[in-house]
Amino acid sequence: MTTTPTPRRPRGVRRAGDQVFRGLSTGASLLILLVLAGVAVFLTVEGIPGITADPQDVKSGESFLPFVAPLVFGTLLSALLALIISLPLSVGVALFISHYAPRRLGAALGYVIDLLAAVPSVVYGAWGIAVLAGWLAPAYAWLETHLGFIPLFAGPASATGRTIMTVGVVLALMILPIMTAICREIFLQTPRLHQEAALALGATRWEVARMAIFPYARSGIVSAAMLGLGRALGETMAVAMVLSASGVVTFNLISSTNPSTIAANIALSFGEASGLTVNALIASGLVLFVITFVVNFTARAIVDRRKDFSGAN
Amino acid sequence: MAKSIDVSDLNIYYGDFLAVEDVTIDIPARSVTAFIGPSGCGKSTFLRSLNRMHEVIPNARVEGKVLIDGQDLYGDEMDPVNVRRTIGMVFQRPNPFPTMSIYDNVIAGQKLNSKRMKKADSDAIVERSLRRAGLWAEVKDRLNRPGSSLSGGQQQRLCIARAISVEPEVLLMDEPCSALDPISTSAIEDLIHELKSEYTIVIVTHNMQQAARVSDDTAFFNLSGVGKPGRLVETGRTEKIFSNPEDPATEAYIQGRFG
């Protein structure tokens, strides 16, 4: 790298440090794109034979669509359950930490919740089977008896408690830390000015949250939800451990016949798969990849739709 | 509607720190009272104690009495939330809710008070408030645009419209023009003149000419020294404070010798 100045147009000084850093950061972003493209190419190339495979050649004995549909359904259902449980919880916890709790308690609580993110998913899975499923089994029985007329709780309730609902609860706990952390940061950034505007109108703390904090944090909350959803969609170990799957499509959340998820199915079947079955599994991975993409683009679209009102201008 | 404010022996603390010491002042109804003084003399703090907004800061507390038409502002049965619904406030920097439309900004206070309102009623309140804030002609065709799309002066008038839409008894203004250009400032001063027939207005200002232009009474705050609490030096009719003040410190400040 030489620093010879061009004769006609002075470019200013070229500093070696700037050049190196620029190279590093450009290289890093290119690398990310390459990795992503590599994954997409691999999934497509290896997956296509699985999609077009003859039903006789794969272990499931089905053509690709009937094979993957229940898995897609189970993936979406469990992730959605997790999000429904986790979103209000994380928004509430984040609001408590940022605006309700005394500063010290808030900091301590935030730290503990961040620790939850460090627990390996195998541990969550083991806890889900050994403890949570046992706790929830009586609750499922109760739901079947009293709310059985709702198809979601039609039963027969699983005696072991290893249901898609339990998976949803475990996943909710797993995605709670990241969602809480993002919400908390956004809530803390809400301009004091807007909060005081609400207070001066005679808003209670909850009304301040509704008038000033939530609208300001809206796009952040959506991002948090999408990151959480992405994690729940791809979570493998905890689901594979907790769920006793049987490849059905049902909205019955508490029975012992449950749909599996794409990631868990890959983890459970990959070891003993061979030939076109492997390709079929990779193709299901491609489907998961696409789902995650769609989820992220949808989130972007939601956030962008009300750009004028975001308060960023 | 408009109410008078009687303050006696008010001390304002942040934790152990005494910020404002021993203020006694009577603020008459349906008039404009200006607080002037150098930076850090406690005039904004005192203003915020008049609708209990200073309580937003942890450990802030007051000793002494503030009576609004004879009712103790700091009495046990008084809820700060209700206090702020009857004593409106306009801030130094315009702060419309950025995520709300102009219409929703104006109606925001009403929505807190009564959950359900007929569309026609809320339309009427929005129009009346914007008219009184002198903003109606400029925004009537774009009520559903975000409040942050307006200019600074318009935003501040929007904030005034928002504050008066709930028919408060007192309107507190904390340096409402300090972030505005001269034309917007003049528009807001005209507005203050008009609003005083209906409201008790208290305005904090750094601008002495502004105090002389808009106020009926003026109160001069000063620090007794660095690290000492702010205190009320002198209060009286604006003409008198500006022409013939009693305290030498007031005279020095008015003539621009410090501050």
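In what sequence do the elements of chain A run from the N terminus on?

Analyst: The model is predicted, so local features are given only for a pLDDT of at least 70 and side-chain atom pairs only at pLDDT 80 or more, while totals for chains, interfaces and linings use all residues. Residues are numbered from 1 along each chain as its sequence is written, with chains lettered from A and ligands numbered from 1 in the order in which they are written.

From the N terminus on, the elements of chain A run α-α-α-α-α-α-α-α-α-α. The chain has ten helices and zero strands, where helices are DSSP runs of H or I with at least four residues and strands are runs of E with at least two. Its C-alpha trace spans about 75 × 60 × 35 Å along the principal axes. Of its 313 residues, 39% are buried, that is, they have 20 or more other C-beta atoms within 10 Å of their own, whereas 12 or fewer make a residue exposed and values in between make it partly exposed. Among contacts (C-beta atoms within 7 Å, placed from the backbone) in chain A between residues at least 6 apart in sequence, 78% join residues at least 24 apart.

Chain B has ten helices and ten strands. Its C-alpha atoms fill a box of roughly 55 × 45 × 30 Å along the principal axes. The radius of gyration, taken over C-alpha atoms, is 18 Å and agrees with the value near 18 Å for a compact globule of 259 residues, the rule being 2.2 Å times the number of residues to the power 0.38. In this chain 47% of the 259 residues are buried, and residues 24 or more positions apart account for 70% of the contacts with a separation of 6 or more.

The close look concerns the sheet of chain B. Its ten strands form an open sheet with mixed pairing, in the order S5-S4-S1-S2-S10-S9-S3-S8-S7-S6; strands pair if DSSP finds at least two bridges between them. Strands S5 (71-72) and S6 (87-90) of chain B stand at the edges with a single partner strand each, so one side of each has no neighbour in the sheet.

S10(B) (residues 230-237) has a parallel pairing with S2(B) (residues 17-27) over two bridges. S10(B) is also joined to S9(B) (residues 217-223), in the antiparallel sense, by seven bridges. Arg231(B) takes part in both directions: in S10(B) it is the bridge partner of Glu21(B) and also of Asn222(B). The hairpin of S9(B) and S10(B) has six residues between the strands, and within this hairpin Gly227(B) takes a positive phi near 80°.

Elsewhere in the sheet, S1(B) and S4(B) pair antiparallel over eight bridges, with Asn11(B) opposite Glu63(B) in S4(B). Arg61(B), also in strand S4 of chain B, is partly exposed because it has 13 other C-beta atoms within 10 Å.

Most residues other than glycine have a negative phi. Arg52(B) sits in the loop between helix H1 (43-49) and strand S4 (60-68) of chain B, and it is buried because 22 other C-beta atoms lie within 10 Å.

At the S6 side, helix H6 (residues 152-164) of chain B lies across S6 and S7 (170-174) of that chain, running at about 170° to S6(B). Such angles run from 0 to 180 degrees between the N-to-C directions of axes fitted to C-alpha atoms, for helices over the stretch in contact.

How values were computed:
Two residues are in contact if their C-beta atoms, placed from the backbone, lie within 7 Å.
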